[in-house]
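Subject: Structure handover

Hello,

Here is the structure for your files. Please open it alongside this note. My findings follow below.

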Amino acid sequence: MAAPLGGMFSGQPPGPPQAPPGLPGQASLLQAAPGAPRPSNSTLVDELESSFEACFASLVSQDYVNGTDQEEIRTGVDQCIQKFLDIARQTECFFLQKRLQLSVQKPEQVIKEVWTQFSP
């Protein structure tokens with residue numbers, strides 16, 4: 001995988017995240033990924049939570065008890081899990097981009113963080 005970090009995951013634009021209007025210099029979890037439908041007030045964290053709930057709901061569904069088509073159930077569960085993993089990757093990418101921005105803008109903060117991790 002020699003792809004650059006930006007744009008590596010589906011729906012992620014290459015390069016650092018762009019700041020939404022009204023918040024100069026700051027990216028937010030409110031940014032909509034290009035091509036991904038997202039309600040206007042939904043965040044990646046909200047989507048991550050709802051996709052996790054959908055995974056859980058599909059696993060405890062009555063369909064298991066009623067004995068419906070196992071392949072159909074498996075496909076539905078797989079789709080829920082894949083959506084959850086995709087949103088988790090987008091969320092992870094967001095935080096990695098923020099950490100990269102911080103390391104460029106305030107390298108002393110990263111040094112301080114490393115120092116506190118390894119000092120007794």
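What percentage of the 120 residues of the protein count as buried? The figure is 20%. Buried means under 20% relative accessible area, exposed means over 50%, and partly exposed lies in between (1.4 Å probe, protein chains only).

Some ground rules. This is a predicted model, in which local features need pLDDT of at least 70 and side-chain atom pairs count only at pLDDT 80 or more, while totals for chains, interfaces and linings use all residues. Residues are numbered from 1 along each chain as its sequence is written, and side-chain values use heavy atoms, with hydrogens and water left out.

Overall layout

The protein has 4 helices and 0 strands. Along the sequence the pattern reads α-α-α-α. Helices (H or I, at least four residues) and strands (E, at least two) are DSSP runs, numbered from the N terminus. Take the contacts between residues at least 6 apart in sequence: 46% of them join residues at least 24 apart. Contact means heavy atoms within 4.5 Å.

H1 against H3

Helix H1 covers residues 44-59 and helix H3 covers residues 70-105. Their axes come within 9 Å and cross at roughly 155°. H1 is therefore roughly antiparallel to H3. Axes are lines fitted to C-alpha atoms, for helices over the stretch in contact, and angles run from 0 to 180 degrees between N-to-C directions. Angles under 35 degrees count as roughly parallel, over 145 as roughly antiparallel, 65 to 115 as roughly perpendicular, and the rest as oblique.

The crossing of H1 and H3 is left-handed. That term applies if the near helix is turned anticlockwise from the far one by less than a right angle; clockwise is right-handed.

H1 contributes residues including Leu44, Leu48, Ser51, Phe52 and Cys55 to the contact. From H3 come Cys80, Phe84, Ile87, Ala88 and Phe94, among others. By class, the residues of this contact are 13 nonpolar, 4 polar and 2 charged. Ala, Val, Leu, Ile, Met, Phe, Trp, Tyr, Cys and Pro count as nonpolar, Asp, Glu, Lys and Arg as charged, and the others, Gly among them, as polar.

Residues to look at

Start with Ser51 in H1. Is Ser51 buried or exposed? Ser51 is buried, because its relative accessible area is 3%. Its side chain reaches the backbone oxygen of Leu48 at 3.0 Å. Leaving out residues up to four places away in sequence, Ser51 touches Lys83, Phe84 and Ile87.

Phe94 sits in H3. With a relative accessible area of 9%, Phe94 is buried. Phe94 and Leu44 are 50 residues apart along the chain, and their C-alpha atoms are separated by 9.2 Å.

Ala88 is also in H3. Its relative accessible area is 27%, so Ala88 is partly exposed. Ala88 and Leu48 are 40 residues apart in sequence, but 6.4 Å apart in space, C-alpha to C-alpha.

Ala57 belongs to H1. At 42% relative accessibility, Ala57 is partly exposed.

H3 against H4

Helix H4 runs over residues 107-118. H3 and H4 pack at about 110°, with their axes 5 Å apart. H3 is therefore roughly perpendicular to H4. Arg99, Leu102, Ser103, Val104 and Gln105 in H3 meet Pro107, Gln109, Val110 and Glu113 in H4. This contact has 4 nonpolar, 3 polar and 2 charged residues.

Best wishes

Note on methods:
Polar contact = N/O pair within 3.5 Å; in protein donor to acceptor, adjacent residues only side chain to side chain.
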